[in-house]
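Subject: Handover of a structure

Hello,

Here is the structure I promised to pass on.

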Amino acid sequence: MADTFDLTVIGSGPGGYVAAIRAAQLGMKVAVVEKWPTHGGTCLNIGCIPSKALLHASELFEEAGHQFKTLGIDIPAPTLNLSQMMTHKDDVVTANVSGVDFLFKKNKITPFRGVGSIPAAGRVLVTGEKSTTIETRNIIIASGSVSANLPGIEVDEERVVTSTGAIKLKEVPKRMLVIGAGIIGLELGSVWARLGAKVTVVEFLDRIVPGLDSEAARQLQRMLQKQGLEFRLSTKVAGIEKNPGSLNARFEPVAGGDAEFAEFDVALVAVGRKPYTEGLGLEAAGVALDERGRIRTDAHYQTNVPGIYAIGDVITGPMLAHKAEDEGIAAAEIIAGQAGHVNYGAIPSVLYTSPEVAWVGKSEDELKAEGIEYKIGKFPFTANGRAKAMLATQGFVKILADVKTDRVLGGVIISKNAGEMIHEITVLMEFSGAAEDLARTTHAHPTLSEAVREAALMCGDGAIHI
Ligand code: FAD
Ligand code: NAI
């Protein structure tokens, strides 16, 4: 006999598993269908979590080799135990994905293993070792995204890799090609550069990290160049020939001109991700997609078919785990008859390079383009006492506020721990706060966060320490 649920979630990434937990908290009987052997989706299994484990370990490796001496710690030059670093990464993944299993049990959520498809609203077919049909009042699709491909470049996940192969290389490549100077390219390019690879990043546009404030992007590029990454902007990779001992890549200037060739050991394709809807049977269910293959929803995450909702990477908006999570919470609340809501104007982004770059709200480029009159409060970490103590004086905080009302419209931080500090500006924006609210808030001394307050002061009468 078919099981009956209030809600069935397809996909257990940050969008799906959080939606399931919130729905269970609200009293619903919830099922989750996942085709992978573990829960947690891209983020926990092959994305956010393993990449941050490698970013942390490789950053310490780099610091031990370069900064410790200045701090008075004399140690022999560190040597790399890559297999142990990978074990650490795998252990972190296991701990996180089993955390989701624990949360499912705690919230009495029923997991199903297999591919979920939707023959019609109100029913989910699970195809796996034990196929079954679930009767369900509501469905949330949280099927996520997969790496985008480049025509003519065949990924084998060993020599030509996506992020999935790049987090499990068995040895440090001597020469690594990164295609795309976006978030994945710079994070994983940094990991392998710190561990000894000569990394060349080829980017189609004339700048790195599209969407990031262009001043911060220029500064980050200079910092990464100092760390040994080489950038080829306004360039495309037109092909990769796989030879027995090396990869031969063909570069072409975007504006036209002569092609160049260069040899690499590993190439990482990091040119974006695309929504994943394979196997869901959306056509049969009558669920409409948009022109970019994303599931179309209304402001309440409902598709064109009543009772079928979609959230996360598979719908419009930034492909970020916390955006997926918050949509999961909002969708569950809406299904429960509450007023679930996500403030898309205040979703922070963090690039976990060294230093980190974090931003929220509008960038200066966007304010200019939209003709909004703004003022800038900018404070460098060279003038922050704690940053000096930590040998972390690179970077700045920039706060953008409305000229007339002083309301904070956006901010960008480039520094160590920027990803933690950005939430100060995010919370302020959530409450429609003014720069003066932040400037008048006492900040503990000595902390890096004092630079955030000083930037807010710069929007008014001026900072104290500069
Ligand atoms: P996903 O996490 O992709 O989960 C979808 C799940 O659905 C998968 O488990 C899949 O197996 C399952 N599924 C799909 N179809 C079916 C089906 N028919 N039946 C059953 N199961 C199905 N974001 C951040 O915010 N911070 C980061 O630091 C960060 N780092 C990243 C690093 C890398 C290398 C990558 C690739 C991504 C990173 N992201 C990061 C992005 C983040 O992983 C995604 O935004 C997030 O995982 C999206 O969540 P989701 O729930 O929409 O989908
Ligand atoms: P991205 O969209 O961040 O960057 C892709 C880059 O590739 C862009 O700069 C683009 O101009 C460039 N590009 C596209 N085609 C190209 C070509 N043919 N040749 C050269 N360059 C080309 O995508 P990325 O880095 O693959 O990441 C995918 C998603 O995953 C991002 O949207 C991001 O939201 C998410 N993610 C988030 C992380 C975080 O929050 N820290 C970490 C990793 C991924």
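First, a word on the labels. Helices and strands are DSSP runs, numbered from the N terminus; a helix (H or I) has at least four residues and a strand (E) at least two. By that numbering, Pro355 sits in the loop between β18 (349-351) and β19 (356-361). I return to Pro355 below. Please also note that this is a predicted model.

Ligand 1

Which residues come closest to ligand 1? They are Glu34, Thr42, Lys52, Gly116 and Ala321, out of 39 residues that surround the ligand. The side chain of Glu34 has an N or O atom 2.6 Å from an oxygen atom of ligand 1. For the side chain of Thr42, the distance from an N or O atom to an oxygen atom of the ligand is also given as 2.6 Å. Ala321 uses its backbone: an N or O atom there lies 2.8 Å from an oxygen atom of ligand 1.

Ligand 2

Ligand 2 is surrounded by 22 residues. Ile184, Glu187, Glu203, Met319 and Val350 are the closest. Glu203 places a polar side-chain atom 2.6 Å from an oxygen atom of the ligand. Met319 has a polar backbone atom 2.8 Å from an oxygen atom of ligand 2. Phe204 has a backbone N or O atom 3.2 Å from a nitrogen atom of ligand 2.

Helix packing

Two packed helices are described by the angle between their axes and the distance between the axes.

Start with α3 and α6. Helix α6 covers residues 183-194, and it packs against α3 at about 35°, with the axes 9 Å apart. The crossing of α3 and α6 is left-handed. From α3, the contact takes in Ser51, Lys52, Leu54, Leu55, Ser58, Glu59, Phe61 and Glu62. From α6 come Glu187, Leu188, Val191 and Arg194. By class, the α3-α6 contact has 5 nonpolar, 2 polar and 5 charged residues.

Now α3 and α4. The axes of helix α3 (residues 48-66) and helix α4 (residues 82-106) come within 9 Å and cross at roughly 140°. That angle is why α3 counts as oblique to α4. The crossing of α3 and α4 is right-handed. On the α3 side, the residues are Ile49, Pro50, Ala53, Leu54, Ala57 and Ser58. They meet Met85, Met86, His88, Lys89, Val92, Val93 and Asn96 of α4. The α3-α4 contact divides into 9 nonpolar, 3 polar and 1 charged residues.

Last, α1 and α4. Helix α1 (residues 14-25) packs on α4 at an angle of about 25°, and the axes are 10 Å apart. The two helices are therefore roughly parallel to each other. Their crossing is left-handed. Tyr17, Ala20 and Ile21 of α1 meet Val100, Leu103 and Phe104 of α4. The α1-α4 contact has 6 nonpolar residues, no polar and no charged.

Loops and backbone

Most residues other than glycine have a negative phi, and most peptide bonds are trans.

Pro446 lies in the loop between α13 (435-439) and α14 (450-458). Asp406 has a positive phi, near 70°, and is not a glycine. Asp406 belongs to the loop between β21 (396-402) and β22 (408-415).

Where does Thr277 lie? Look in the loop between β16 (273-275) and α8 (282-285). Thr277 and Gly144 are 133 residues apart along the chain, with their C-alpha atoms separated by 8.0 Å. Leaving out residues up to four places away in sequence, Thr277 touches Ser143, Leu282, Leu289, Gly293, Ile295 and Val314.

Best wishes

Technical notes: Residues are numbered from 1 along each chain as its sequence is written. Chains are lettered from A and ligands numbered from 1 in the order in which they are written. This is a predicted model: local features need pLDDT of at least 70, side-chain atom pairs count only at pLDDT 80 or more; totals for chains, interfaces and linings use all residues. Side-chain values use heavy atoms; hydrogens and water are left out. Axes are lines fitted to C-alpha atoms, for helices over the stretch in contact, and angles run from 0 to 180 degrees between N-to-C directions. Angles under 35 degrees count as roughly parallel, over 145 as roughly antiparallel, 65 to 115 as roughly perpendicular and the rest as oblique. A crossing is left-handed if the near helix is turned anticlockwise from the far one by less than a right angle, and right-handed if clockwise. Contact means heavy atoms within 4.5 Å. Ala, Val, Leu, Ile, Met, Phe, Trp, Tyr, Cys and Pro count as nonpolar, Asp, Glu, Lys and Arg as charged, and the others, Gly among them, as polar. A residue is near a molecule or strand if one of its heavy atoms lies within 4 Å of it. A polar contact is a pair of N or O atoms within 3.5 Å; within protein, one must be able to donate a hydrogen and the other to accept it, and residues adjacent in sequence count only if both atoms are side-chain atoms.
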